[in-house]
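Here is a short report on a protein model.

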Amino acid sequence: MSGAFAGNRTLNILRKAEGEGYGILTQTCYDANCVLGLVRAAERRRSPAIVNLFPVTLAFGKGPFLQFCLNAAHQASVPIAVNLDHATDPEHLELALGLAEQGIAFDSIMVDASHADTDEENIALARPYVERAAKCGVVVEVELGRLEGGEAGLRMISDAKLTNPDKAETFMKGTGALVLAPSIGNLHGAYLKPPNFRQDILKALHAKFKGEIPLCLHGTDQLPDELFIECIKNGVSKINVNSWGRDPYAKALAEGLQTKSFPDAVEDATEVFAGVCERFFKVFGSEGKA
């Protein structure tokens with residue numbers, strides 16, 4: 001690992017997970033309660049984890065909310081990193097990197113240029129942000145290929161493009177990024193048909209990058225546990241999760257506020273969120289690994 005990233009939490013968490021064959025829950029958090037719920041669950045189950053923020057959440061809370069997330073994660077008794085997911089628009093990337101340059105830095109960000117027409121354009125768009133992030137010790141994830149779908153303020157993509165493993169090494173060297181999100185038949189949002197993941201792509205990428213570039217699985221709504229386990233077996237170490245935790249939390253909070261005091265409603269909804277996280281620690285095999 002290069003000196004700039006020697007202490008990077010995201011890389012350290014993911015490389016340990018890859019080496020020991022388990023997955024890392026990267027749970028999208030929309031407010032402070034979600035962050036606290038994830039940290040609470042991780043500490044209870046002695047599991048590493050990653051707090052995941054969408055650009056819309058960063059744009060809403062800006063530096064103060066990011067600093068809160070970093071404090072909650074980094075002061076936990078288990079390893080927890082903070083990641084920015086799907087940063088596509090220049091204003092979101094500028095916000096994240098500007099904060100990093102002020103000392104309020106994500107552990108990792110996803111520079112998502114998968115909307116580009118070619119790999120070369122993807123590289124050209126991502127590379128300057130990767131280089132700028134590296135100066136702040138921030139690891140960058142990129143997407144080779146393109147996932148369909150959209151969620152929570154992300155761009156809606158309608159033309160998926162599977163990752164070509166033969167182009168992956170050139171792509172990663174071109175971007176300079178250190179985490180790869182492949183397109184293997186996964187999509188953002190609801191699956192209208194049963195998911196058909198190209199495990200051969202994962203296997204080929206893992207064989208090429210093992211121990212160097214962790215693989216991240218996006219598009220995990222409604223997936224069966226067996227598919228998560230198969231993807232981890234074939235090399236995935238970072239697993240992004242969104243609606244699994246969001247929807248039960250929002251439902252519990254909305255219903256709780258009708259009959260309970262505000263603090264009780266918040267506490268109970270946070271526990272619902274934490275319970276979802278705990279289940280995934282068990283499924284992903286990370287429980288007890290911290």
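## Aromatic pairs and a helix packing

Both Phe228 and Phe280 are buried. This is a predicted model. Phe228 and Phe280 belong to one aromatic cluster, together with Trp244 and Phe284.

Across the whole structure, a search finds 7 aromatic pairs. Two of them are set out here.

| Pair | Centre to centre | Between the planes | Geometry |
|---|---|---|---|
| Tyr30 and Phe54 | 6.1 Å | 75° | edge-to-face |
| Phe228 and Phe280 | 5.7 Å | 80° | edge-to-face |

Phe228 sits in helix H8 (residues 225-233) and Phe280 in helix H10 (residues 262-284). The pair links distant parts of the chain, 52 residues apart.

Tyr30 lies in the loop between strand E1 (24-28) and helix H2 (32-45), and Phe54 in the loop between strand E2 (49-53) and H3, so their pair ties together parts that are 24 residues apart in sequence. Tyr30 has 26% relative accessibility, so Tyr30 counts as partly exposed. Phe54 is buried, with a relative accessible area of 1%.

Now the helices. Helix H3 (residues 55-74) packs with helix H4 (residues 90-101) at an angle of about 20°. Their axes are 10 Å apart. Angles under 35 degrees count as roughly parallel, so H3 is roughly parallel to H4. The crossing of H3 past H4 is left-handed.

Which residues make the contact? H3 brings Pro55, Leu58, Ala59, Lys62, Gly63 and Leu66. H4 brings His92, Leu95, Ala96 and Leu99. By class, the contact of H3 with H4 has 7 nonpolar, 2 polar and 1 charged residues.

Key
Residues numbered from 1 in each chain as written. Predicted model: local features only at pLDDT ≥ 70, side-chain atom pairs only at ≥ 80, totals over all residues. Heavy atoms only, no water. Axes fitted to C-alpha atoms, helices over the stretch in contact; angles between N-to-C directions. Helix = DSSP H or I, 4+ residues; strand = E, 2+ residues; numbered from the N terminus. Parallel < 35°, antiparallel > 145°, perpendicular 65-115°, else oblique. Left-handed = near helix turned anticlockwise from the far one by under 90°. Contact = heavy atoms within 4.5 Å. Nonpolar A, V, L, I, M, F, W, Y, C, P; charged D, E, K, R; others polar. Phe/Tyr/Trp six-rings, centres within 6.5 Å; stacked < 30°, edge-to-face > 60°. Buried < 20%, exposed > 50% of the residue type's maximum accessible area, 1.4 Å probe, protein only.
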